[in-house]
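Hello,

Here is the structure we talked about. Please open it first, then read my notes below.

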4 protein chains.
Amino acid sequence: MNTVRFGIVGLGRLGRRHAGNLAWHVPGARLVAACSPVKEERDWAQEHLPQLALHADYDELLADESIDAVWLVTPTSLHATQIIAALRAGKHVFCEKPLSLDLAECDAVIEEHARHPHLHVMIGFVRRFDASYRDAFDSVAAGAIGRPFMVRSQTCDKNDPEGFFVRFAPTSGGLFLDCSVHDIDLARWLLGNPKPKRVYASGTIAIHEGLRECNDIDNGVGVVEFDDGRLAVFYASRTMAHGHDTQTEVIGTAGALSVGRNPRANRVEIADAHGVRNACTPTFFERFEDAFLREAQAFVAALVEGKPTGLTLEDAREATRIGIAMREAYEAGGAVEL
Amino acid sequence: MNTVRFGIVGLGRLGRRHAGNLAWHVPGARLVAACSPVKEERDWAQEHLPQLALHADYDELLADESIDAVWLVTPTSLHATQIIAALRAGKHVFCEKPLSLDLAECDAVIEEHARHPHLHVMIGFVRRFDASYRDAFDSVAAGAIGRPFMVRSQTCDKNDPEGFFVRFAPTSGGLFLDCSVHDIDLARWLLGNPKPKRVYASGTIAIHEGLRECNDIDNGVGVVEFDDGRLAVFYASRTMAHGHDTQTEVIGTAGALSVGRNPRANRVEIADAHGVRNACTPTFFERFEDAFLREAQAFVAALVEGKPTGLTLEDAREATRIGIAMREAYEAGGAVEL
Amino acid sequence: MNTVRFGIVGLGRLGRRHAGNLAWHVPGARLVAACSPVKEERDWAQEHLPQLALHADYDELLADESIDAVWLVTPTSLHATQIIAALRAGKHVFCEKPLSLDLAECDAVIEEHARHPHLHVMIGFVRRFDASYRDAFDSVAAGAIGRPFMVRSQTCDKNDPEGFFVRFAPTSGGLFLDCSVHDIDLARWLLGNPKPKRVYASGTIAIHEGLRECNDIDNGVGVVEFDDGRLAVFYASRTMAHGHDTQTEVIGTAGALSVGRNPRANRVEIADAHGVRNACTPTFFERFEDAFLREAQAFVAALVEGKPTGLTLEDAREATRIGIAMREAYEAGGAVEL
Amino acid sequence: MNTVRFGIVGLGRLGRRHAGNLAWHVPGARLVAACSPVKEERDWAQEHLPQLALHADYDELLADESIDAVWLVTPTSLHATQIIAALRAGKHVFCEKPLSLDLAECDAVIEEHARHPHLHVMIGFVRRFDASYRDAFDSVAAGAIGRPFMVRSQTCDKNDPEGFFVRFAPTSGGLFLDCSVHDIDLARWLLGNPKPKRVYASGTIAIHEGLRECNDIDNGVGVVEFDDGRLAVFYASRTMAHGHDTQTEVIGTAGALSVGRNPRANRVEIADAHGVRNACTPTFFERFEDAFLREAQAFVAALVEGKPTGLTLEDAREATRIGIAMREAYEAGGAVEL
């Protein structure tokens, strides 16, 4: 395979970015079809993308034999079913994170994939493709901080006074499954995939009282103990005043590496009556703009050159499993053994 | 009282700093006596301090009626007994933290103090007197970050390859009681003294295997839930490669304040083959040099001008109580209710 | 015009980046031809670029009527001649900076261009297209720092112990014309194109004694006075130990904006025995990777949509003129009036 | 001499700080007298300092034979006369910078001092005693950046909308002599006292038009060429929006050291709707609080222990000489040879 022919599914804000990347910026990729049940999204594709087939129906897209791979940017609740259907149709699959909020569904995907070992499935843990995270990973691997024994990682979104995510809460899986899965995946990756043993979690509602209905929180912390003594500490928030603040620290016996300690928007600083300051990345969308592109390039490289991405479905399942345990620990007010 | 006549007790490294401050730098203080069972320490006092009475025996010092106040820089195991004796001798007391590793002892001190309400007792939670922490506290109090609902705080010492503290471990009370008490006190102070409800803690030995004997750890994390939903997350370490790294973050509904995010030694940066970098404070001694002085000034101001320090024996007891709960949570591998 | 058909000229390191951008990443651009007298460069194009016509001879490329625009990444000494030839052949022109080291040549290009007003010529002052510089420019324009009255700007390259640039010195125009032209252009842009009045410059050889032969220097500073009292201070160096360090500061009556104060390579920081540090961008190539792409997008947008780039040939001439004055001021050891 | 008995002269804001240091914080110093023609200042001394003799008249103070040394915090125009009188009265002298705005006066002081070689005279170039500058100096001396060949240094004051300094302008000597003398002294110190060869300077009025009357400016830059090829670039400003911003950079063949790149007020950072930011030191008074104390300690150590301060009257004269040349270069619009 020299060129991968993609069909993208879902053309919301993030879907459009993926579509643009596949259409213009990924050598080896061709975006040949797009699918969305929403007419406005298909119209957007018509207008902004190179000529491609448009479908309202996912099965229709899967029936197109000229398509090598699907790129799913759809609601989480559809992920498992859509991946399984794509595999059965003989397509490679890229799917946005998380794989699923449900472990049984994760297992069903893994089982189906086992029946199609020649097909690639990758869940979009995009931070693994960010240049800074990649640099940190390589430095850790090269021994720059000795033996890494602890990760502290946070995913903190800028507060949306409109509380859009409150309406999204009933289906998001809750703060830990929606946000901390990224950190969980990073911690496992940076620590070399240790086996989790026990989880604690605590949380609070700082601002968005509407979350109380679905037992969700807008700020939460969690601790994961791994069975070799390694530790991970997570923080997730919906209520930051300054911007999207994703940070990760890996602590080792000979040093510590951090990524994103100051969520600076760019290289500009201003000195004025407010002091010396920098603007911050407003959302994950700006923070990980490059990483979304590198992720697509990595997936295409996996298909075309057989270059492994390092990300497995088991990784995605483990992130979900630990995220669920954090939610349970929060609800139980006590440790959850894994 | 215009001038407070002090007797200092204990002249180790920290005792000498306190002695120098009382002797030279605190208007309103006069250092008139020093006490140490160690001859070398008394000789040091003879040589380096203005003329003062020297005692090998604590009771001897207490018998000196010209002394208004004692300044205890002695091993933790002696704190409670020495404070009680000083109160009975009619002396004001400054005592290094922690008050005690034992709650019953804390209570005994509090009870004795109740019998001498005209005497001041202050436990040296020195960070409350650091200019940066004070600025952060004042900003929080002034509403700069809205309602503060979370504190993240760490006390991380530079690794001592000699492992001096391993030998000290049997009497230190363990990592949480030795290091995290500072962070516990800061969290309570910055959050407005909320009532703790539940505690988790985890820990590991990253380097100093010798700690295993006394069930201690060299890296630990803990979470405290308060009954109004506020949260505190602590990290303590003995194994930093870069220096003494004390950091605290207060997160509120309208912003977040941090103190000490980069433990820079001073205002110097160097750009060379290692990148752009700054040296770090090697130990708490350099980091809190000014704070030790301000602490002494505050205590003298309390005695001379009646200006409250804001620090009570109950604060010190609560820090010990939460620290003990963290140690128990770590040992139990589960939540401890308070 | 919906799509611009480009022929690239020159396929050295920077030429290859431009070629890749035009081939893959600029919607509206098609790279249809490449020209280089060097066989190895043509072979590279054959292997790495989409199918395109290859020429050893520039006139041959100009003779291709299907080409709309040329993209010159050639030695400075060829710029003026090649631009003029391209204009006469009816092509739009993008040309790497500087326009020329010679004012008469600049004027000849400007005159020729006046005869082809429908053709676009842009000199690649790439920093104007960097996201951070763009943000700074927009903030200044929006009044964020009041009236800007001073720019301080530097272009400092990492020392090359091999001294490659020493061999390049006889044709580079010297430190100020090679490096400071960027800063001169930035200062004019950020200050609103004030008229220069007087120039000073000083320089030294810190490391590369080989420069003495052609009267060049490896570190130099210059000051430009504008006739409305505005000031610019420049620094250029070939001898940085830490990396490529391009910084610019705009100082206004109500604040100051800086770009690139710490030339951090990415968002990673490490804390270890060297302190807390970050790696630096090694060369301008990494620092301005995105800017080279945005520059190409801006040029294509100018051709396709008529969207002005803001950069004129007069800007390029003025940068050369001031750069020459700085060199003369350095040589004269005194002020040069403009 | 074990204890130095001081008489302080001048009790304005800075004089009061010096008085407090001598009274309370400098072991080996005793403040025994104070002199001010202003009754309100003498009253302040009466109330806030330990018991001491008060004089309205300088000669009266000099007549007191129990006084070992005078500490002059008086207007610059009085410095030379007062130093000479003190030397003739057999007193050691500390005097605030600058020594004088007039070279002949500088020479007269140096000549008088030559007649009293047993007496110490130190001009208060306080930055040499700042812990960060001291660290930078020691690092440079230890070879951390190879051979230092360039200093960039600035003294930038926060804008005073009241323009107090405009009224002070007629006697201040102008921006360069008032502010840049500090930077000149630092550059000479950090570069190992090279011989200045040529000076350029430029300036502008950004805000305070009232300065035009006395031909002064509120923002100025200058370049000094030394005869071994070393360079210094200075910037002075009265109009910063963010605070007092004193920065210095030493560039060497193997690295660069900076002091004060971000004029942070303390270790606090805030993240809120304005981004991530830190407050800045409002004036030199806060920035150099510690340095004023260390300066006094160093002067007393010189008197008591004979420990050299490293600062000579020739250093002070040279700072004045270069400052005058900068003013002349600005006025002439051309280079001034030294």
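How much area is buried between chain C and chain B, and what percentage of it do carbon and sulfur atoms give? The area is about 1000 Å², and carbon and sulfur give 59% of it. Buried area is the accessible area (1.4 Å probe) that two parts lose on being put together, summed over both.

First, some ground rules. This is a predicted model, where local features need pLDDT of at least 70 and side-chain atom pairs count only at pLDDT 80 or more, while totals for chains, interfaces and linings use all residues. Residues are numbered from 1 along each chain as its sequence is written, chains are lettered from A and ligands numbered from 1 in the order in which they are written, and side-chain values use heavy atoms, leaving out hydrogens and water.

**Chains C and B**

In this interface, 14 residues of chain C contact 14 residues of chain B (contact means heavy atoms within 4.5 Å). The rule finds zero salt bridges here (a side-chain nitrogen of Lys or Arg within 4 Å of a carboxyl oxygen of Asp or Glu).

Now the symmetry. Chain C can be laid on chain B by a turn of 180 degrees and a shift of 0.0 Å along the axis, with an RMSD of 0.0 Å. In chain C, C:Arg277 has the C-alpha nearest the axis, 2.0 Å from it. Both copies use the same surface: 100% of the contact residues of chain C recur in chain B.

**Chains A and B**

Here 35 residues of chain A meet 35 residues of chain B. Together they bury about 2600 Å², 61% of it on carbon and sulfur atoms.

**One residue to look at**

Find B:Leu231. It lies in strand E10 (residues 231–240) of chain B. Strands are DSSP runs (E, at least two residues), numbered from the N terminus. B:Leu231 counts as buried because its relative accessibility is 1% (buried means under 20% relative accessible area, with a 1.4 Å probe and protein chains only). B:Leu231 touches residues of chain A, including A:Ser202 and A:Val221. Within chain B, it touches B:Phe149 and B:Met150, among others. B:Met150 is 81 residues from B:Leu231 in sequence, yet their C-alpha atoms are 4.8 Å apart.

Best wishes

Definitions and conventions: Helices (H or I, at least four residues) and strands (E, at least two) are DSSP runs, numbered from the N terminus. Buried means under 20% relative accessible area, exposed over 50%, partly exposed in between (1.4 Å probe, protein chains only). Copies are superposed by least squares on the C-alpha atoms of residues with pLDDT of at least 70 in both. Lists of a residue's contacts leave out its neighbours within four places in sequence.
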